[in-house]
Amino acid sequence: MNKKDISRVDLNSLVVLHALLEERHVGRVAIRFNVTQSAVSHTLKRLRVLFDDELFIRTPSEMRPTERVDELAVELGDILASIERIIYPEITFDPRSFEGEVIIGTSDYGSMVLLPHIIACFERLAPKIRLFIKCHNIDHDVAQLDSEEVDFCITPLRASIPKRIKVAPLFDDDFVMVFDHNNPLFQQPLSMDRLKLIPRIVATSRDDRISLSEPYLMKMGFSIEPKITVQHFLSVPYLLQRSEYIALLPSLLLKNFDFLDYLPLDKTELLIPPIRMGLFYNEQRVQSSDSLTWVANMIKKVADELNQTI
């Protein structure tokens with residue numbers, strides 16, 4: 001077998017490639033390493049020859065990675081992290097002394113269901129950590145991660161996520177049909193046909209205003225459009241309290257709203273998949289940071305403990 005001699009590869013160029021994946025801009029990488037832009041451009045030219053790929057394509061706003069470099073991203077982060085551990089084995093992360101800020105993008109649902117458990121964990125193990133919880137929109141989470149506007153997103157799982165984004169399942173939650181317990185429509189048994197005619201409230205932050213459950217409801221013959229659409233789950237219980245509407249909400253959200261009642265979906269013959277929440281993050285970026293790696297592992301651990309109580 002004809003092996004290539006890796007001794008001819010300048011490992012510093014891989015560090016530059018890693019930085020280009022993070023910054024998406026030659027000038028910012030040059031500032032980061034205190035070198036000229038032409039030096040970074042020259043390194044990129046050598047990398048293109050090495051990998052036989054364009055690696056980055058210029059756009060008006062940034063340098064967009066090719067599919068090839070996207071595939072390299074995770075492995076590259078692993079390699080550089082391994083080299084760092086070999087050279088500096090004495091460096092360890094102490095969460096009790098960590099005073100940095102971690103930014104988590106999530107909805108009010110994620111904030112209410114998972115965040116209290118995360119805070120309890122951090123108070124115990126990393127009391128100096130600062131959290132900023134950023135309002136989340138499922139349509140923009142990857143862009144927020146790429147721009148480092150957020151460190152993590154806690155969001156529903158879905159298909160078509162770029163390979164550079166790590167997706168870790170956290171927990172599942174069943175939908176239930178919710179209404180105010182004084183709603184006169186539910187004082188007597190309702191047929192499915194009548195249930196489909198009751199106005200409903202939908203909570204979604206998506207740009208197209210379609211919630212996870214809406215496509216299933218419409219297939220089953222519910223009214224074509226919701227009566228009210230809101231971007232925040234936590235407003236729904238209070239709207240139900242002042243109306244004769246219904247809503248589909250994740251069951252874990254209802255524990256603090258004793259004025260609401262609900263119908264489990266298996267009793268209403270509604271076949272709607274559970275909401276599946278996951279932790280999204282840029283794997284390369286997190287693996288290169290001891291603090292972010294620790295935070296990611298703790299969020300997964302907290303979710304595992306939550307799963308045992310569901």
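Colleague: How many helices and how many strands does the chain have?

Modeller: The C-alpha atoms of this predicted chain fill a box of roughly 80 × 40 × 40 Å along the principal axes. The secondary structure of the chain comprises twelve helices and twelve strands.

Colleague: What percentage of contacts between residues at least 6 apart in sequence join residues at least 24 apart?

Modeller: Of the 310 residues in the chain, 45% are buried. For contacts between residues at least 6 apart in sequence, the share that joins residues at least 24 apart is 73%.

Colleague: Which residues of helix 2 meet helix 1, and what is the handedness of the crossing?

Modeller: On the side of helix 1, the residues in contact are V15, V16, A19, L20, E22 and E23. Their counterparts in helix 2 are V26, R28, V29, R32 and F33. The crossing of helix 1 and helix 2 is right-handed.

Colleague: How many disulfides does the structure hold?

Modeller: A disulfide requires two cysteine sulfur atoms within 2.5 Å. For C121, the nearest cysteine sulfur is that of C153, 20 Å away, and C121 is in no disulfide. The number of disulfides in the structure is zero.

Colleague: Are C121 and C135 buried or exposed?

Modeller: Residues under 20% relative accessible area count as buried and those over 50% as exposed. C135 has a relative accessible area of 59%, so C135 is exposed. C121 has a relative accessibility of 5%, so C121 is buried.

Colleague: How many residues apart in sequence are the parts that K134 and E149 tie together?

Modeller: The closest N and O atoms of K134 and E149 are 3.2 Å apart, and the two residues form a salt bridge. K134 belongs to strand 4 (residues 130-135), whereas E149 is in the loop between helix 7 (141-146) and strand 5 (152-156). K134 is partly exposed at 22%, and E149 is partly exposed at 36%. The parts joined by this pair are separated in sequence by 15 residues.

Colleague: Which strands does the salt bridge between D172 and R276 link?

Modeller: The closest N and O atoms of D172 and R276 are 3.1 Å apart. D172 is partly exposed at 34% relative accessibility, and R276 is partly exposed at 42%. The two residues are 104 residues apart, and the pair links strand 6 (residues 165-173) with strand 12 (residues 275-282).

Colleague: Are E214 and R200 buried or exposed?

Modeller: The side chains of E214 and R200 meet in a salt bridge, at 2.8 Å from N to O. The pair links helix 9 (residues 214-219), which holds E214, with strand 8 (residues 200-203), which holds R200. With a relative accessible area of 4% for E214 and 3% for R200, both residues are buried.

Colleague: Which residues are linked in a network of salt bridges?

Modeller: The structure holds twelve salt bridges. A network of these interactions links R24, D146 and R164.

Note on methods:
Residues numbered from 1 in each chain as written. Predicted model: local features only at pLDDT ≥ 70, side-chain atom pairs only at ≥ 80, totals over all residues. Heavy atoms only, no water. Buried < 20%, exposed > 50% of the residue type's maximum accessible area, 1.4 Å probe, protein only. Salt bridge = Lys/Arg side-chain N within 4 Å of Asp/Glu carboxyl O. Helix = DSSP H or I, 4+ residues; strand = E, 2+ residues; numbered from the N terminus. Left-handed = near helix turned anticlockwise from the far one by under 90°. Contact = heavy atoms within 4.5 Å.
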